[in-house]
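This report describes aromatic contacts and sheet architecture in the structure shown below.

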Amino acid sequence: FLKDTPEARRYLQYRYETVAAVIREALDRARRADPTFLSYYTMNLREVYALERYPYGAALDLLPPPDIAIATAFQTSVDRRGAETRFYHAETVKHLLAARPREGAVAVLAATVYDYTRNYNWTEAYRWRDEVETLLPDAVVDALRQDMAPYELDDAAVILPAVSCIAHGARGVAFFGDEKKEALRELFAFLGEIEPELAGAKVPGKIVLAASRISEDAWMLRHAPQADSRSDFSDAMMLSGCWAQPANRLAWELNKNAAHSLGFRSTKAAVHALIRSGLPFRMRFVENLLPEDLDEAHTVILPFCTHVSDEKTRILREYAEKKGRLILFAHQGEYDETGAPRREPALAGRRTLFFRDEACDVLGSPQGIKRLAGAVGWPFDVRVRSGSPEVETAWLELKDGGRALFLINWGLERGKISFDFSRAGDVASYAVPDAREILPRRGTINLPPKTARVLVFHPLASKK
């Protein structure tokens with residue numbers, strides 16, 4: 001049934017909307033039964049953690065806003081497929097916040113703290129059928145065995161992902177698991193120091209990344225491969241208990257599913273590129289975009305937008321004509337939301353910057369990431385620059401007009417970060433958790449390996 005036909009497209013949309021309708025009805029019934037009922041959403045990190053994506057969507061663009069919390073569950077275990085795995089936690093937070101939590105809602109990061117390679121023989125999961133051995137060279141099989149060998153979680157694997165999530169908009173963390181109690185105590189002591197500063201803090205709105213769920217799903221439907229026992233797309237792999245890291249790694253090694261997940265990979269590439277560039281951004285779904293979402297925006301990025309409705313086209317065009325600029329990759333809204341082709345792309349225009357290549361191709365190299373950063377510019381009054389690709393920087397806007405600047409060194413070497421608050425006016429600034437001594441308006445900080453710091457600055461007029 002996974003074919004690009006009008007019937008298949010309608011069914012996919014029907015299934016997606018039905019899931020959201022069932023959840024909405026359950027929430028309404030719960031509220032009628034108990035007016036004090038509070039809702040929250042849970043999203044497993046694997047949905048955006050994976051190299052690939054499963055074709056049922058999260059329905060976050062259709063669900064009502066949660067009352068109190070958006071929750072995500074993830075494992076703090078290290079993924080050895082590459083350095084970009086450190087961005088997966090923040091990426092999940094961005095997707096969850098795109099679901100429009102109500103004002104004051106809390107994003108809770110719930111994490112297991114254990115090394116699950118001790119509890120399951122992942123190597124054998126890769127080899128769950130004899131045919132796998134014949135498809136993979138011995139060197140690859142040996143690499144898989146090494147990847148899944150038991151290892152010790154270090155404290156940084158607990159602390160740094162949580163701090164990164166706070167930096168990108170999460171508003172709390174909750175852990176379950178018996179390991180790394182000392183690391184958890186250190187983390188909560190750290191968060192306890194910065195919590196008073198973060199009341200009412202928000203992610204800056206100068207840059208908005210608009211992800212199109214319909215475009216991703218429609219592309220997946222059109223390019224779905226024939227599922228087989230070696231594909232991450234396969235029910236057999238998922239039902240066999242191999243649907244997490246092993247299935248994804250196997251799909252990656254066999255170059256499976258590359259075509260059908262193009263939309264997901266392009267969105268992920270744009271998210272990672274902005275994080276790597278130290279550019280704070282908000283994420284929204286095109287399908288529930290409102291004009292007020294773009295009130296503060298200097299730039300709106302659409303990494304993969306093949307399908308867009310007339311209503312959302314109008315919002316985006318008006319923004320481009322009156323306020324800022326659109327950046328698009330490879331696609332400019334060639335179809336409406338039902339899949340009907342347009343005579344002309346909906347979002348082509350003079351006030352757009354159009355990259356002809358797919359976002360995942362453009363942003364797959366440091367040069368491409370620099371091109372995007374150059375196109376966006378630096379529309380902020382705070383400047384921060386890191387000389388190391390292992391150092392992540394992000395910041396939140398505080399209620400009094402100040403900033404909380406997060407510095408996270410994921411690497412094994414000291415990281416040097418330069419900062420400049422001089423354009424923000426007269427400010428008083430200090431570092432947490434270091435002694436709260438006043439910092440200069442511009443300077444450098446040497447950050448030890450696998451540590452995090454927060455630089456807080458307030459307008460002097462706001463300080464007592």
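## Aromatic cluster

Trp378, Phe380 and Trp395 make up one aromatic cluster. The model is predicted: local features require pLDDT of at least 70, side-chain atom pairs count only at pLDDT 80 or more, and totals for chains, interfaces and linings use all residues. Residues are numbered from 1 along each chain as its sequence is written, and side-chain values use heavy atoms, with hydrogens and water left out.

Seven aromatic pairs are found in the whole structure (rings of Phe, Tyr and Trp, the last by its six-membered ring, with centres within 6.5 Å; planes under 30 degrees apart are stacked, over 60 edge-to-face, the rest tilted). Trp378 and Phe380 have ring centres 5.6 Å apart and planes at 75°, so this pair is edge-to-face. Trp378 and Trp395 form a tilted pair, with 5.9 Å between centres and 50° between planes.

Trp378 lies in the loop between α15 (366-376) and β10 (383-386), and Trp395 in strand β11 (residues 391-397), so their pair ties together parts 17 residues apart in sequence. Helices (H or I, at least four residues) and strands (E, at least two) are DSSP runs, numbered from the N terminus. Phe380 is buried at 6% relative accessible area, and Trp395 is buried at 1% (buried is under 20%, exposed over 50%, partly exposed in between; 1.4 Å probe, protein chains only).

## Parallel sheet

An open sheet of five strands has the order β6-β5-β7-β8-β9, with parallel pairing (strands pair if DSSP finds at least two bridges between them). β6 (282-285) and β9 (352-355) stand at the edges with a single partner strand each, so one side of each lacks a neighbour in the sheet.
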